[in-house]
Amino acid sequence: MSDQPRHFDYADLTAFTTAVLQAVGCSATEARRVAKCLVEADARGLPSHGLLRLPLYVSSVEAGGIVPDAPMSWAHEYGATATLDAGFGFGHTAIALAIDKAGGLARTYGCAVVGVRRSTHFGMAAPWVERLAARGIVTFVLSNTGPSMAPFGSAEPLLGTNPISIGFPVDGRPPVVLDMATSAGAFGRIVAAAKNGGEIPEGWALDAAGAPTTDPEAALKGVLLPFGEHKGSGLAIAIELLAAALPGALLSHQITDIWVDPGSRMGTGHLVIAIHPGSLTGTNTYTEQATELVDRVSTSTLAAGHPAVRLPGDVERHQSDAAHEGGVALAESTTADLDRLASRFSLTRIQPIDTTHRNEAKE
């Protein structure tokens, strides 16, 4: 299979993905929400959270693992805190509700903590923290996932890749957005490597016998490793306690992932922490200091071999801008999946764009 990606129009991909999700029972609103998150992940150069997952979502909905348009309810509300019961629906819908709830509570109380239980995967976290950062609110999003990572020193998959994302508003500038998993490599990247016949870097995984491996197939039968050894492991355990134990969700080792059984109702947990900056000082101190830091870091002396100093989120933002203009790059294995879905649901196959023609037109 060729490793050369083909490029597709952003809007066409979003419309196609929306149609696929509607075909399996999602409302237009939910289908578009999930579709935008998947396509944006590919646009940002994060295929592990992109359309690679669309066949998995379809299989899970059909097998009863993910409930489309699940009835969701606030199981607990107290002051600046709340917990959402997501009813085993799409995590994208659950986290959207939690983000909006946290934003409203932070406006009222200065800060807020909102938990989610009985949820599923919500895609990449960055867009969700950006949603509140655009309103001037510092936002943390944490989640646990299905069991795929071993604690440091173990060869047993007890932890999830457990992402953490933090969005910081910066006046007049794009937000600073940290978005990272606690594993050395994303689970979806290993799936992609297995589908495309590639290898994974050393230090990402152990095989089923507990030995280091660069074979993605062996890694999928074994365990992922945390980044930074004990550091990533410790952070992943902390996220389990915050995102799963606090809102009453299942711990990762209690979950059967939909990658293993599409019919599994995962019951993952998420946590949103929202902070209105002015509530801590009553002044514009945060705005001034955030601007000072961003400017100082961006203009700092370059190390040899580095063309620029990037802030968290810069690279992904630039890639997304380029993809909106010049097309979203997809691996051949992913486009083959989309073609199969088109045939199955009697949809028009999405066609790649002529990037050469586009580039010549721009020049």
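Q: How far apart are the mean positions of the positive and negative charges of the protein?
A: This is a predicted model, in which local features need pLDDT of at least 70 and side-chain atom pairs count only at pLDDT 80 or more, while totals for chains, interfaces and linings use all residues. Residues are numbered from 1 along each chain as its sequence is written, and side-chain values use heavy atoms, leaving out hydrogens and water. Lys and Arg count as positive and Asp and Glu as negative, with His and the chain ends not counted; each charge is placed at NZ of Lys, CZ of Arg, CG of Asp or CD of Glu. For the 26 positive and 37 negative charges, the mean positions are separated by 5 Å.

Q: What is the radius of gyration of the protein, and what does the globule rule give for 363 residues?
A: The protein contains 13 helices and 12 strands, taken as DSSP runs (helices H or I, at least four residues; strands E, at least two) numbered from the N terminus. The radius is taken over C-alpha atoms, and the globule rule is 2.2 Å times the number of residues to the power 0.38. The protein is as compact as a globular protein of its length, because the two values are close: 20 Å for the protein and 21 Å from the rule.

Q: What percentage of the residues in the protein is buried?
A: Buried means under 20% relative accessible area, exposed over 50%, and partly exposed in between (1.4 Å probe, protein chains only). Of the 363 residues, the buried share is 49%.

Q: How many disulfides does the protein have?
A: A disulfide is a pair of cysteine sulfur atoms within 2.5 Å. Cys26, which is buried at 6% relative accessible area, has its closest cysteine sulfur in Cys37, 13 Å away and therefore too far for a bond. By the distance rule, the number of disulfides is 0.
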